[in-house]
Amino acid sequence: MSYKDLSIDKKYTNKNILCKEYVDYIKSKRQQYFSFTMGKDTIANIITYIRNADMNKKGMVQLPFTNITEKTVKILLREGFVENIRKHRENDKYFLVLTLRYRRNRKESYKSFLNLKRISTPGLRIYYNYQQIPRILGGLGIVILSTSRGIMTDREARLEKIGGEVLCYIW
């Protein structure tokens with residue numbers, strides 16, 4: 001499908017056509033090609049999906065499945081930032097469905113406590129040895145690292161005395 005295929009078709013140029021029908025037509029054309037397109041920076045896309053769902057107070061997030069996504073999300077589950085993870089298959093594509101954790105508040109119905117920040121980018125990689133790894137909020141937050149032994153948290157990297165690329169901060 002090319003860019004020209006998404007342009008307005010002749011049958012939809014009539015002024016008598018309903019707007020809803022035209023919008024449904026465009027959604028059906030775009031849906032097959034533009035849903036869950038991940039760029040080259042998968043960690044940034046994971047963070048963006050979770051942050052957007054959190055800001056819109058969605059309880060669940062659907063992420064495209066990759067090995068990096070799976071390992072990062074398992075760390076979030078183990079550290080208590082995510083309530084549940086489910087692997088879902090749809091049209092021969094696998095997705096991870098996350099259930100975000102919210103806390104009850106008296107003033108607001110639900111309040112999130114999940115903050116994420118991307119550190120190392122494809123344009124500027126940030127590496128630390130195990131002694132230089134920062135502590136987020138005095139140890140309340142975590143740093144996710146990509147090491148020679150896989151993706152792990154800052155605590156695990158300090159225990160094993162290995163450094164690596166700092167992927168993100170979560171607090």
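Is lysine 74 buried, partly exposed or exposed, and what is the relative accessibility behind that class? At 46% relative accessibility, lysine 74 counts as partly exposed, where buried means under 20% relative accessible area, exposed over 50%, and partly exposed in between (1.4 Å probe, protein chains only). The structure is a predicted model, in which local features need pLDDT of at least 70 and side-chain atom pairs count only at pLDDT 80 or more, while totals for chains, interfaces and linings use all residues. Residues are numbered from 1 along each chain as its sequence is written, and side-chain values use heavy atoms, with hydrogens and water left out.

The secondary structure comprises four helices and 10 strands, these being DSSP runs numbered from the N terminus (helices H or I, at least four residues; strands E, at least two). Along the sequence, the elements follow the order α-α-β-α-β-β-β-β-β-β-β-β-α-β. Of the 171 residues, 33% count as buried. The protein exposes about 11,700 Å², of which carbon and sulfur atoms supply 50%; accessible areas come from the Shrake-Rupley method with a 1.4 Å probe, and for residues only the protein chains shown count as cover. Contact denotes heavy atoms within 4.5 Å. Among contacts between residues at least 6 apart in sequence, 56% join residues at least 24 apart.

Eight salt bridges are found in the whole structure, each defined by a side-chain nitrogen of Lys or Arg within 4 Å of a carboxyl oxygen of Asp or Glu. Lysine 74 pairs in this way with glutamate 70, with 3.4 Å between the closest N and O atoms. Both residues belong to helix 3 (residues 67–79) and are four residues apart, about one turn of the helix. Glutamate 70 is partly exposed, at 23% relative accessibility. A salt bridge also joins arginine 89 to aspartate 92, the closest N and O atoms being 2.8 Å apart; aspartate 92 is exposed, with a relative accessible area of 64%. In a further salt bridge, the side chains of glutamate 165 and arginine 125 meet at 3.0 Å, N to O. This pair links distant parts of the chain, 40 residues apart, with glutamate 165 in strand 10 and arginine 125 in the loop between strand 6 (116–118) and strand 7 (127–128). Glutamate 165 counts as buried, at 11% relative accessibility, whereas arginine 125 is partly exposed, at 41%.

Tyrosine 169 is likewise found in strand 10 and is buried, with a relative accessible area of 15%. Leaving aside neighbours within four places in sequence, the contacts of tyrosine 169 include Asn115, Leu116, Lys117, Ile119 and Tyr128, as well as Pro134, Ile136, Ile142 and Val143. Threonine 153 lies 16 residues from tyrosine 169 in sequence and 9.8 Å away in space, C-alpha to C-alpha.

Together with Leu137 and Leu140, Trp171 makes a nonpolar surface patch of about 340 Å². Patches are made of residues with over 30% relative accessible area and no salt bridge, like charges being joined within 9 Å and nonpolar side chains (Val, Leu, Ile, Met, Phe, Trp, Tyr) within 5 Å.

Lysine 87 lies over the face of phenylalanine 65, at 4.3 Å from the ring centre, and over that of tyrosine 94, at 4.9 Å. For such an arrangement, NZ of Lys or CZ of Arg is within 6 Å of the ring centre and within 35 degrees of the ring normal.
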